[in-house]
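We will take the chains in turn, then look at how they meet.

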Amino acid sequence: MGKFSNEELLNKLNAEFPEQLTVVGEPFGLLTLETGKDNIIAILSYLKNDAALQFIYLTDITAIHYPEQEKQIGVIYHLHSLVNNVRIRLKVFMTDGDVHMPTATELWNGANWMERETYDFFGVIFDGHPDLRRILNVDDMTAFPMRKEFPLEDPNRVDKKDYFFGR
Amino acid sequence: MQNHPVYTDNDPQNELSTLNLGPTHPATHGVFQNVLQLDGERIVSGVSTIGYIHRAFEKIAEHRPFYQITPLTDRLNYCSSPINNMGWHMTVEKLLGIEMPKRVDYLRVIVMELARISDHIVCNGVLGVDTGAFTGFLYMMEHREAIYEIYEEVCGSRLTTNIGRIGGFERNFNTIAFDKLRKFLKTFPKTLKEFESLFNRNRIFVDRTRDVAAVTAEEALSYSWSGPILRATGVDYDVRAMNPYSSYEDFEFEVPVGTNGDVYNRFLVRNEEMWQSLRIIEQALAKLEKEPTDIFHADVPDFYLPPKEEVYNNMEALIYHFKIVMGEVPTPTTEVYHSVEGANGELGFYLVNDGGRSPYRLHFRRPSFINYQMYAPMSRGMLLSDAIINMSSLNVIAGELDA
């Protein structure tokens, strides 16, 4: 365990950002918080720059899709305080009609490709990103393939039709 | 990063040339494309294009039961597949709350450290090849072969190993595996020593690599670097030491760090890590002496597939087999992030589970993907030949980069 507990971390965040954070849980000791897109950059910046917390290491940015929820798309940040060896997970959920997020590239250069990957697979548009293009898929793809409605296999492919196999 | 004068005015004498480095260039060791603007031999700017071997592993994983995802992880960093396999197994075990017996942990540590050595053998050997020294590579390759033979004894395959199962190993290590391991421990240090004496103070090699692509710790952290290349900049972040998994806390080892993060430092860090891995393996072998020799998996019949002869002859085993294969064992609805120290950085698994037989969402935090994004910005002002050895020393594996 690090130099501060999850409880102290949460108290500190709540004092700095009153009523802007919701606790999702603490699965396997990793404090998980939810917040709105308006505050996320301020919170990330506070976590990174606070002299005691020092969450200087951006482990990962990714997203998740819950089609049955009103706020379908969630962007998930994993941060790591290397000095204190504490991790934190932050989530921001948004509706499908308004998939805009502020970019974290001003805080970490490494956020660049992580956000491009998130855009590529989930269609989250990171406002202010210097170069928001697809990264792993082809440029002229129109769908966002990690969303749940996107089928695993192309439904139009014909090479797996039963009549090819005498069925 | 180095600052060299760059001529960009409209004088036709100073016209820039465009070079497509890759996607299938023999010097890039994988499918990497970089469109470079060159001023003579100096790189003015570059754009990386990735995704040539993207295979949608995260999407496929959402449609597969947990134990069928292991072969997907094989194909991430295929130079050290066992680390990926076991990272995935440990993620699922963490999700399910399975406690592993110490012997399994130690066996895993042995296999993972062998994988780290084999990965570093390839990386440092190829770095030698790219600077014009083929000999060291050939000396070391013999021992990668020895490591692959050990994998063969343990799991039957060599490159994409699919080694172990959720809950342990699919079979016990046989005596041949231990014999080969002991032989490897006896012969490899000699070769590694030889390899180091070929390179470490070699004037040509040092001139080619020292101060090339030097990166400060701040830059490296800002780009979320991890693994040997981060440690070469002087940051002692190693997941094995910081968040020990698989009983790494029982072992004594050092985390080597470099000073200025150049190619030479990365080379030295990797060499030293191989010595530390050997140290860990020897400790693990000593610890295994005190453990019962017949334990190779945890007692979790709900998740560990029973042996086939049991399934065919024993009702209980058949029931468990059926339940596992049909996915009728409930799993906790929660999320878990687990990371292991892969051969080239922090390999993380972010698993969101909805209680079903396959993940609701699985995200791989792939060190190659995150480490590689600095490549084009850091190449600016570099000589083309330096950019080539820089890529070798980053140890970016195409399979992991594109997932």
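## Chain B overall

Of the 403 residues in chain B, 48% count as buried, where buried means that 20 or more other C-beta atoms lie within 10 Å of a residue's own, exposed means 12 or fewer, partly exposed is in between, and C-beta atoms are placed from the backbone. Please keep in mind that this is a predicted model, in which local features need pLDDT of at least 70, side-chain atom pairs count only at pLDDT 80 or more, and totals for chains, interfaces and linings use all residues. Residues are numbered from 1 along each chain as its sequence is written, while chains are lettered from A and ligands numbered from 1 in the order in which they are written.

Chain B has 17 helices and 6 strands; helices (H or I, at least four residues) and strands (E, at least two) are DSSP runs, numbered from the N terminus. The radius of gyration of chain B is 22 Å, close to the 22 Å that the globule rule gives for 403 residues, so chain B is as compact as a globular protein of that length. That radius is taken over C-alpha atoms, and the globule rule is 2.2 Å times the number of residues to the power 0.38. Along the principal axes, the C-alpha atoms of chain B fill a box of roughly 85 × 45 × 30 Å.

## Two domains in chain B

The domain assignment of chain B gives domain 1 (12-49) and domain 2 (57-402), with bounds that come from an automatic or database domain assignment. Their C-alpha centres lie 31 Å apart. Across the boundary, 15 residues of domain 1 of chain B are in contact with 17 residues of domain 2 of chain B, contact meaning that the C-beta atoms of two residues, placed from the backbone, lie within 7 Å.

On the domain 1 side of chain B, strand S2 (33-39) and strand S3 (42-49) each supply at least two residues, and S3(B) gives the most, with 6 residues. By class, this side has 6 nonpolar, 7 polar and 2 charged residues. Here Ala, Val, Leu, Ile, Met, Phe, Trp, Tyr, Cys and Pro count as nonpolar, Asp, Glu, Lys and Arg as charged, and the others, Gly among them, as polar.

Chain A holds 3 helices and 7 strands, running α-β-β-α-β-β-β-β-α-β from the N terminus on. Buried residues make up 35% of its 167 residues, and its C-alpha trace spans about 65 × 35 × 30 Å along its principal axes.

How many residues of chain A are in contact with chain B? There are 24, and they meet 29 residues of chain B. Strand S3 (57-65) and helix H3 (111-122) of chain A each supply at least two residues of this side, with the largest share, 6 residues, coming from S3(A). The side of chain A that touches chain B has 15 nonpolar, 8 polar and 1 charged residues.

## The largest nonpolar core

A nonpolar core is a set of buried Ala, Val, Leu, Ile, Met, Phe, Trp, Tyr and Cys residues joined through C-beta atoms within 7 Å. The largest one has 142 residues, of which Ile88(A), Val124(A), Ile110(B) and Val111(B) touch the most other members. Helix H4 (residues 102-130) of chain B gives the most to this core, with 14 residues. Domain 1 (12-49) and domain 2 (57-402) of chain B both contribute residues, so this core lies between them.

Leaving aside neighbours within four places in sequence, Ile88(A) is in contact with Leu9(A), Leu31(A), Leu47(A), Phe55(A) and Leu79(A).
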